Amino acid sequence: VAMADDPTPRGTDEEWFARLDGLQQEITALVKRGKALEALQVALRDPPLEVENQHVKDAAALAVGTAVLGLKDMEVEAAVESISDDEAEVLMKYIYRHLSAPSDKSAAWLRLHALLTARTGPGAIVRVITDQKAMA
């Protein structure tokens with residue numbers, strides 16, 4: 001499991017695409033089986049923080065989005081509480097990435113943002129805004 005502050009890209013773009021394709025399939029299967037909490041943890045496990053290829057970042061964001069939007073309303077709070085501090089930091093980056101584009105799903109991302117901010121405090125927001133390893 002890669003940590004959010006791990007400075008190594010861990011693979012070529014092709015390796016990332018292969019990994020993310022498998023990850024997307026796993027996340028989709030988990031969501032379909034009603035295991036969106038588990039899907040979220042899987043999606044946040046190995047973020048491409050140091051990867052420069054925008055298509056890799058887009059594929060990773062899609063995987064996280066599939067897991068987040070698969071959460072039932074009653075699961076969102078439990079999801080925020082169940083992830084590690086490192087995963088919470090990564091999730092906050094994805095929240096900002098998803099909120100940066102117009103979407104009919106913005107309310108879900110804003111609710112998640114509020115719950116995650118309540119858990120992590122405003123420091124997580126500042127770190128996302130100032131971090132050079134953006135998910136965008």
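The largest nonpolar core, where a nonpolar core is a set of buried Ala, Val, Leu, Ile, Met, Phe, Trp, Tyr and Cys residues joined through side-chain atoms within 4.5 Å, holds 36 residues, of which Ile27, Leu40, Leu44, Val64, Leu91, Leu112 and Leu116 touch the most other members. At least two residues of this core come from each of α1, α2 (36–44), α3, α4 (76–82), α5 (85–99), α6 (106–120) and α7 (122–130), and α3 contributes the most, with seven residues. In soluble globular proteins, nonpolar side chains tend to be buried together. The model is predicted, so that local features need pLDDT of at least 70 and side-chain atom pairs count only at pLDDT 80 or more, while totals for chains, interfaces and linings use all residues. Residues are numbered from 1 along each chain as its sequence is written, and side-chain values use heavy atoms, with hydrogens and water left out.

The chain contains seven helices and zero strands, where helices (H or I, at least four residues) and strands (E, at least two) are DSSP runs numbered from the N terminus; along the sequence the pattern is α-α-α-α-α-α-α. Of its 136 residues, 39% count as buried, buried meaning under 20% relative accessible area, exposed over 50%, and partly exposed in between (1.4 Å probe, protein chains only). The chain exposes about 7200 Å², of which carbon and sulfur atoms supply 56%; accessible areas come from the Shrake-Rupley method with a 1.4 Å probe, and for residues only the protein chains shown count as cover. Among contacts (heavy atoms within 4.5 Å) between residues at least 6 apart in sequence, 77% join residues at least 24 apart.

The axes of helix α1 (residues 13–32) and helix α3 (residues 54–70) come within 9 Å and cross at roughly 10°, which makes α1 roughly parallel to α3. Axes are lines fitted to C-alpha atoms, for helices over the stretch in contact, and angles run from 0 to 180 degrees between N-to-C directions; those under 35 degrees count as roughly parallel, over 145 as roughly antiparallel, 65 to 115 as roughly perpendicular and the rest as oblique. The residues of this contact comprise 12 nonpolar, five polar and one charged, with Ala, Val, Leu, Ile, Met, Phe, Trp, Tyr, Cys and Pro counted as nonpolar, Asp, Glu, Lys and Arg as charged, and the others, Gly among them, as polar. Gln24 of helix α1 is buried, with a relative accessible area of 17%, and, neighbours within four places in sequence aside, is in contact with Leu62, Ala63 and Thr66.

By contrast, the axes of α3 and α6 come within 10 Å and cross at roughly 85°, and the two helices are therefore roughly perpendicular to each other. Val64, Gly65, Val68 and Leu69 of α3 meet Ala108, Trp109 and Leu112 of α6, a contact with six nonpolar, one polar and no charged residues. Leaving aside neighbours within four places in sequence, Val64 is in contact with Ala43, Leu44, Leu91, Tyr94 and Trp109.

In α2, the residues Ala36, Ala39, Leu40, Val42, Ala43 and Leu44 are buried, and the buried residues of this helix pack against α1, α3, α4 and α5. Tyr96, in helix α5, is partly exposed, with a relative accessible area of 26%. Beyond neighbours within four places in sequence, Tyr96 is in contact with His113, Ile125 and Val128; Tyr96 and Val128 are 32 residues apart in sequence and 8.0 Å apart in space, C-alpha to C-alpha.
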